[in-house]
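Q: I am new to this structure. Could we go through it together, one topic at a time?

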Amino acid sequence: MKFKSLLVKVLMALALVAPVAASAQAPAAQAATVKAVNKQVVVNYVSGYSVKAWKNYKVKLGAANDTGISFKHGTTLTVVGEVKYKKRTWYKIADNEWILASYTLSHKAWAKKAAVAKKAAAKAAKKLWQPRRYLRASRTSRTRLLPWPRPKWASLTFGALLVLIALTAPA
């Protein structure tokens, strides 16, 4: 019985002291200040989709904070302000219009990404149209020829094949 009452007293004392100790260790809340900038960024999201603009960077994301404005992938925006809030960087596009910086790229990074994509498409197209090589099936059946190695386009889906054809077609 003495053990239980002693345990209850110790727990009650800790419950009274813990909030005071936690508040003493908590850093002072740092007010986020908007830094004025003037730069151009490009929206980098999923092709064919958009990024929403929010009314305020401090409010939890949701329908109440939605401006109804969205920017498509590849859209160039002029940033007039920048703020770091809760380990996220937000860009101010206009009054009451904010977007997350993680969904944007600078013009230089955007151009580099486009060049890499163009180079990869050209490389894939080059591999796709290599001439077929043939290997004889056996020494006895000289009339039967088998394609070897397997053509590069055989493993592509129909949609990917159409995309590669469209990329390699002259404009």
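A: We may start with N65, which touches W54, K55, N56, V59 and K60 when residues up to four places away in sequence are not counted; a contact means heavy atoms within 4.5 Å. This is a predicted model, in which local features need pLDDT of at least 70 and side-chain atom pairs count only at pLDDT 80 or more, while totals for chains, interfaces and linings use all residues. Residues are numbered from 1 along each chain as its sequence is written, and side-chain values use heavy atoms, with hydrogens and water left out.

Q: Is N65 buried or exposed?
A: N65 counts as buried because its relative accessibility is 2%. Buried means under 20% relative accessible area, exposed over 50%, and partly exposed in between, with a 1.4 Å probe and protein chains only.

Q: And where does N65 lie?
A: N65 lies in the loop between β2 and β3 (66-72). Strands (E, at least two residues) and helices (H or I, at least four) are DSSP runs, numbered from the N terminus.

Q: What does the side chain of N65 reach?
A: It reaches the backbone oxygen of N56, at 2.8 Å.

Q: Changing topic, how many helices and strands are there in the protein?
A: The protein has 3 helices and 9 strands. Along the sequence the pattern is α-β-β-β-β-β-β-β-α-β-β-α.

Q: How do β4 and β5 pair?
A: Strand β4 (residues 76-85) and strand β5 (residues 88-94) pair in the antiparallel sense, over 5 bridges; two strands pair if DSSP finds at least two bridges between them. G81 has K92 in β5 as its bridge partner. The two strands form a hairpin with 2 residues between them, and K86 in the turn has a positive phi of about 55°.

Q: What joins β5 to β6?
A: There are 4 bridges between β5 and strand β6 (residues 97-100), and these strands run antiparallel. W90 stands opposite L100 in β6. β5 and β6 also form a hairpin with 2 residues between them, where N96 in the turn has a positive phi of about 60°.

Q: Now to helix α2: why does K126 count as exposed?
A: K126, which lies in helix α2 (residues 107-128), counts as exposed because its relative accessibility is 65%.

Q: How far apart are K126 and L164?
A: They are 38 residues apart in sequence and 10.0 Å apart in space, C-alpha to C-alpha.

Q: Finally, where is Y49 found?
A: Y49 is found in the loop between β1 (35-43) and β2 (50-54). At 53% relative accessibility, Y49 counts as exposed.

Definitions and conventions. A polar contact is a pair of N or O atoms within 3.5 Å; within protein, one must be able to donate a hydrogen and the other to accept it, and residues adjacent in sequence count only if both atoms are side-chain atoms.
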